[in-house]
Amino acid sequence: MNIKQTSIFFLSFFCFAAVFFASSLAVKENREDLGANYSLQINPLPGKIIPLLAGEFKGLLADHILLEIGAFVGSNKKISADEEQKIYLGMEQAMILDPYFMQTYLFTQALLSWDCKMPEEAIRLLEISRKHLPWDWRPGYYIGFDYYYFLNDYAKASEIFLETAKIKNSPLLIALLGSRFALKSKKTETAIILLTNMLKDPELSENNRESISKRIKDLKGVLLIESALKTYKKTFNTYPSSLNALVQKGFLKKLPLNSYYKTYLYRQEDGQVFFDKTGYKQISDQGTSINK
Amino acid sequence: MAAICFNNISKTFKTGFKRTSILSGLSFEIKQGEVFGFLGPNGAGKSTSIKLLLNFIRPDYGSIIISGFKVGTDKFRHLTGYLPETPCFYENLTGMEHLSFAGKSSGINKVLLNKKSLDILEKLNLEKAGNNLVRTYSKGMKQRLGLAMALIHDPEIYILDEPMSGLDPMGRRLITSIILNLREKGKTVFFSSHILNDIERTCDQIGILNKGKLLYCGPVENMPENNSGMEDAFVSLIEKDDMITNE
Amino acid sequence: MNKIGLVAWITFKDCIRNKALYGIILLGLVLFFFNIIITGMFSWEAGKVAVDMGLSIISFSGLILIFFFSINSISSDIYNRTIYLILSRPVSKAHYILGKYTGLSLIILLSSIILGLCAAVSVKLSFLSVDRQIPFNFSWSIFFLSILFLTISLLIMMALAVFWVSVTTHQFTALLLTLGSYFVGQSMENVKNIILSTKLFTNDSLPVKVISCVSWIMPNLAAFDLKTTAAYGLPVNASILLWVALYGISYIGVVLTLTIFIFQRRELA
């Protein structure tokens, strides 16, 4: 290289570098603003198409989508309705790409059910997990929870809980909750049958056995009182003012005792029987909220 | 003024951590209008010398002057025509397009170029293949097209790297006749070869290179031990040198 | 200038007659049919999907052209020694680099134009079939602007590809480095945002500093991505776009001058 070439080189290099420096500063500043409302990039393909395109990189793509969604939610930005749809689409893609990934259903529950308030969509995706992970009780537990907490569908919740309770090593809580919801959806008998079956499991710990037996006893008490109430209603065309009336009028020999309170709780308006206060309160709250 | 002048050229290549010397202290001169044959066994450093001449690589030491221009700093490429060893072309271009690039880049005007290209192609028996893609050419045709590209701008100095290698006798005769033709026109030709016959027929001067050193430089007739033919002289020269360096 | 044009011309002509190029263009066209099919599967915002897909296909084909075609074109010049034919003429290495870059860029431009028109057609078709789903505020000018910026980002990648091929001694190394540059350029900004959003790192922690440094060396390709803007018809800020364009062009200039500088020192044994 001679002097002329060298000088041309340095001149052009510095010109370009100077322009680059200036424009880079401008772009950076502009992108900083953009960073503040960092947008969620989810490929708008339907979930079913994605595996075709992902080829052997399904897992990797699923991880990427989860990361993208996680980063977006993590930025603490308010999520718009449009972005909720995007999150749902992304979660669906991730779920279809890798239905075995635990992170995916945990995210689904946390983001879709709680943050986006899209329980039905969440349940749809969680069902995929539940189908693929028959040994894992969590997806079923979340589905049941969503039915109960967000959708107030006790029948469905209890059905799913009781189904999930059959999975080995699932926490006892699921069976207990399932039976509780069964009560509310007037499926007490189903719950009793299921719990009795669980008692047959030889690996059941002593503590759990005791809890289950207690719950069976409570449910049986409820069943007993309910049938007495039914006959009472048929005879007098109204519910009694208190449970004691059932004994006084000879519909029951004596009131059964439950494991929490000595007597069962009772609401006259609709003839509902409860074995503890929480159940009583929740049903009342729900009643008022529905009225509203 | 010398057409080509090597001044004390040394070149080493790095292979891993080792440095191998290819040329050491190479100096010689080719006068204007001479046909110079550059001889040597494989690996002697012929190709390296030619790459140095064209500034594809740079010497560690020393300088090369072509017609008064220093290689590496001055611009004189319009003065030289180069034929690489086994030339490679753009397979999807035609012979004519290659020639047109060669001509235009050397500053020949368009009107003249077309006629010139056709002339040269005819001279090299390529007139029928001129508009075919190079992909369809045989090895000999490629070699001839390479030569056509070296000839197109009618330079003063020709640098031909193994121009006869891999050619059939017909092709070799054609190239020999072209070199002789250039000599008649008073052009300088510098070519490397290991085919001694061709060199004997065409060269005014030869240089014999072995292991990066020039063993002989001068007319063919003056070669030592030239009594029993050039081949024997060449072999004994190389063997002697190998014995010395091995000791 | 004339000599750069000559090198560009033979490069362009050689590439345009390469069958591999037709393969890539064909792939692009097949993807457009795919685009129409996929768009049909959408119940919401099909128009947006069509725009998104169309632009992505242009980008994708361009990247394939760069990674497999351009890198190969230069490295085979060097390793088959076709470059000797060029450099033995009164053509300098700078002419060669600039000529090659121009020739290969012309190929990219051509592919962007052809595929861009195809994209426009497929988008138009998807609008016709589901006319109520034209994205709010969609405008063709933003659509074509987005193709333009996408092409600029491809040209940046091309400059980086030329750089890596000229600097490394092996085609595969060059391919990997170009691929790496692409991913860094694309995700640099996202990575920074993610790191900052976790709130585990502050602005002057080491990872953030490293990324800031990298952002001065590698191009921020995310800035050229107007796909979302085009798909949703979001408003564009002319002065910002101008800066982005200038940013891209000056980056190409810096990379190419550096390439020439290094290539001039390289021995072509």
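Reader: What covers the buried residues of α6(A)?
Author: The cover includes α4, α5 and α7 (138–149) of chain A. Keep in mind as we go that this is a predicted model.

Reader: Thanks! And which residues of α6(A) are the buried ones?
Author: They are P119(A), E121(A), A122(A), I123(A), L125(A), L126(A), S129(A) and R130(A).

Reader: How far apart are the end C-alpha atoms of α6(A)?
Author: They are 20 Å apart. That agrees with the 20 Å that its 14 residues should span at 1.5 Å a residue.

Reader: You mentioned α5(A) as part of the cover. At what angle do the axes of α5(A) and α6(A) cross?
Author: Helix α5 (residues 102–115) and helix α6 (residues 119–132), both of chain A, cross at roughly 175°, and their axes come within 9 Å. An angle over 145 degrees counts as roughly antiparallel, and α5(A) and α6(A) are therefore roughly antiparallel to each other.

Reader: Which residues meet there?
Author: From α5(A) there are Y105(A), T108(A), Q109(A), L112(A) and S113(A). They meet P119(A), E121(A), A122(A), L125(A), L126(A) and S129(A) in α6(A). By class, this contact has six nonpolar, four polar and one charged residues.

Reader: Let's hop to chain B. What is its secondary structure?
Author: Chain B comes to seven helices and 10 strands. Its radius of gyration is 18 Å, close to the 18 Å that the globule rule gives for 247 residues, so chain B is as compact as a globular protein of that length. The C-alpha atoms of chain B fill a box of roughly 60 × 40 × 40 Å along the principal axes.

Reader: What share of chain B counts as buried?
Author: Of its 247 residues, 44% count as buried. Among contacts in chain B with a separation of 6 or more, 69% are between residues 24 or more positions apart.

Reader: I clicked on C5(B). Where is it found?
Author: C5(B) is in strand β1 (residues 2–15) of chain B. This residue is partly exposed, with 18 other C-beta atoms within 10 Å. Leaving out residues up to four places away in sequence, C5(B) touches E29(B), I64(B) and I65(B).

Reader: And chain C, how many helices and strands?
Author: Chain C has 10 helices and zero strands. Of its 269 residues, 49% count as buried.

Reader: Last one: is N193(C) buried or exposed?
Author: N193(C) is buried, with 22 other C-beta atoms within 10 Å. Its place is in helix α7 (residues 171–197) of chain C. N193(C) and V208(C) are 15 residues apart in sequence and 9.5 Å apart in space, C-alpha to C-alpha.

Conventions
Residues numbered from 1 in each chain as written. Chains lettered and ligands numbered in written order. Predicted model: local features only at pLDDT ≥ 70, side-chain atom pairs only at ≥ 80, totals over all residues. Helix = DSSP H or I, 4+ residues; strand = E, 2+ residues; numbered from the N terminus. Rg over C-alpha atoms; globule rule 2.2 N^0.38 Å. Buried ≥ 20, exposed ≤ 12 C-beta atoms within 10 Å, placed from the backbone. Contact = placed C-beta atoms within 7 Å. Axes fitted to C-alpha atoms, helices over the stretch in contact; angles between N-to-C directions. Parallel < 35°, antiparallel > 145°, perpendicular 65-115°, else oblique. Nonpolar A, V, L, I, M, F, W, Y, C, P; charged D, E, K, R; others polar. Expected span 1.5 Å × (residues − 1).
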